[in-house]
Each structure stands twice: as C-alpha cells, then as structure tokens.
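Here is a set of questions and answers on how some terms apply to one protein model. Please look over the sequence and the structure first.

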Amino acid sequence: MRNISEKKRIVIKLGSSTLAHKTGKLNIRRMQNLVRVIADLQNSGKEIIIVSSGSVALGTGKLGLRERPKDTPTRQAVAAIGQCELMHMYDNMFEKYSITIAQILLTKTIIEKADRKKNVENTIERLISLGVIPIVNENDTVSIDELELEIGENDSLAAMVANISNADLLLILSDIDGLYTSDPHINPDAEAIHTVDKITDYIEKIAGGAGSSLGTGGMSTKINAAKIAVEAGIDMIIMNGKNPDDLYDLFENKEIGTIFKSE
C-alpha cells in the first residue's frame, strides 16, 4: 500500500505542459485549480516546495511568438519576460488563500558548491518555517545550461531541490498519467506501470524521448530525476496534472500515476 498520506515535505514540479496551453499562453483555469489544491495541502500541514517550469513558454506567448525560440539570446530574453509573468500570477493566486510565496533562482554552480548549496538549504528551511511556499526555477537568463540541455532541465532540478531540502516526496506533474510500456500517445495498447521498485535498463529503454513543444523534458528526463531522488531516499511520483483535484486522491493513498520507490 502507498503511504503517501504520511509524506510531509513535498516538492511539486509543475511542467510547462501543465501550466500553459499549446499556444504558450497561461492555462489560467488549471493554474488557479493547482494553486487552490496546493494551498489546501499546505493548510492541512504539508510543507510544499514548487519547482516551476513555464517562464520560457509564457515569455514566448506574451511576445506573440509562434514557437519556442531556437537561439539562446532570444530564449534568455523570453525567460526573463516569462519569469516576471509567472511569479506575478503565482503571487496573485496564492494571496487569495493568505499564503506568501518566495522566488528562488538556481544555477548549476550554486547547487554543486557546498557553501552555496548550504545557503540554499538554510533559505528553504527558513522559508518553510515561516509558512512560505518557495517557488524554484533555473536562472535561465544567466545560465544557458538548462536552455541548451547540457545539464538537464527542471525534472532533474526538482530532484536536486528535493535532495537538498530533505523532502519526503518528489511529485512531478506532467501531461501523461505515468510511465507506460511504450508511448501511449502513439501506441493505444501501451500498458501503465504503477510501481517501479528499481530503475533497470528496461525502464530506461521504454522512457522514450522528448516531451511537448512547450517544454524541454520528456519521460527520459523524468527517469533521470527518479534516479537522483531514489538514491537520496526520496520516493518520486509521475502523474498527470490536467486535473489538480487528483492530488487529493493521491494523498488519500489511491493509486495515481507511477511511483518510483526509494532505495
């Protein structure tokens, strides 16, 4: 039986496909519902940390561009524009539930250097003790690694944040219900895998490739995130973010998505 109800400190990763329409513009209704449910979980005693994608997608949409920019300077520019838009929306939405948010922008060098990493740990710990929800993203405007896909993306970043914040659970919301034996968008006979006790070569093989046109991830990046999480002793769940109320079922120990059990 899943004991998800007992998990207290939760890192929730929200992907671009969850937060935005295919146009790149914000999916306002879904984001409002996500904020409502997350605020309710926080009120129930959960300690929530959000790792949010969406800055490049929102910046792309706000500028009226038809697709995600391919050159790095333009992607950095739309990330800067989109990050302002993203945090403004989060701030307004959480304020309705009397919850304060904080922005944390990270780079690879911050996470890898022990003294800087400790500062991040201390900041997150203090914010949580104050009842604040930290919202974390890669600092795309000054760090091109994530934009160029050299170190990973926000799936892996979420796993790193879960590790340094001593989380009990990493929850990745995406546009797919979980891990399947093959891509369910292509193969209607693909079978869902609800539990992964160990990440084997087979699991990596069926993970597939790129994700949606709005984001940079895919199932393979989520498997990479799962490796980081389970090795740190943190369970990870992939689930569909299209219906935020499913989070209530998840924390009532119902079988939602795919769980990767920690070592």
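In the protein, 74% of the contacts with a separation of 6 or more are between residues 24 or more positions apart, a contact being heavy atoms within 4.5 Å. This is a predicted model, in which local features need pLDDT of at least 70 and side-chain atom pairs count only at pLDDT 80 or more, while totals for chains, interfaces and linings use all residues. Residues are numbered from 1 along each chain as its sequence is written, and side-chain values use heavy atoms, with hydrogens and water left out.

Q: How many helices and strands are there in the protein?
A: The protein has 11 helices and 10 strands. Both are DSSP runs numbered from the N terminus: helices are H or I with at least four residues, strands are E with at least two.

Q: What share of the residues in the protein is buried?
A: Buried residues are 54% of the 263. Buried means under 20% relative accessible area, exposed over 50%, and partly exposed in between, with a 1.4 Å probe and protein chains only.

Q: Why is strand 1 called largely enclosed?
A: Because 6 of its 6 residues are buried, strand 1 is largely enclosed by the rest of the structure. Arg-9, Val-11 and Lys-13 point one way, Ile-10, Ile-12 and Leu-14 the other way, and all are buried.

Q: What makes strand 1 and strand 2 a pair?
A: Two strands pair if DSSP finds at least two bridges between them. Strand 1 (residues 9–14) and strand 2 are joined by 6 bridges and run parallel, so by that definition they pair. Arg-9 has Glu-47 as its bridge partner, and Val-11 has Ile-49. Strand 1 is also joined to strand 5 (residues 169–174) by 5 bridges, again in parallel, with Lys-13 opposite Ile-172.

Q: How do you know that strand 2 is largely enclosed?
A: Strand 2 (residues 47–52) has 6 of its 6 residues buried, so the rest of the structure largely encloses it. Both of its faces are covered, with Glu-47, Ile-49 and Val-51 on one side and Ile-48, Ile-50 and Ser-52 on the other. Strand 2 also pairs in the parallel sense with strand 4 (residues 133–138) over 2 bridges, and Ile-50 has Ile-135 as its partner there.

Q: What makes helix 8 mostly covered?
A: In helix 8 (residues 154–164), 9 of the 11 residues are buried. Among them are Asn-154, Leu-157, Val-161 and Ile-164.

Q: Why is Leu-63 called partly exposed?
A: Its relative accessibility is 46%, so Leu-63 counts as partly exposed. Leu-63 lies in the loop between helix 3 (55–62) and helix 4 (72–95).
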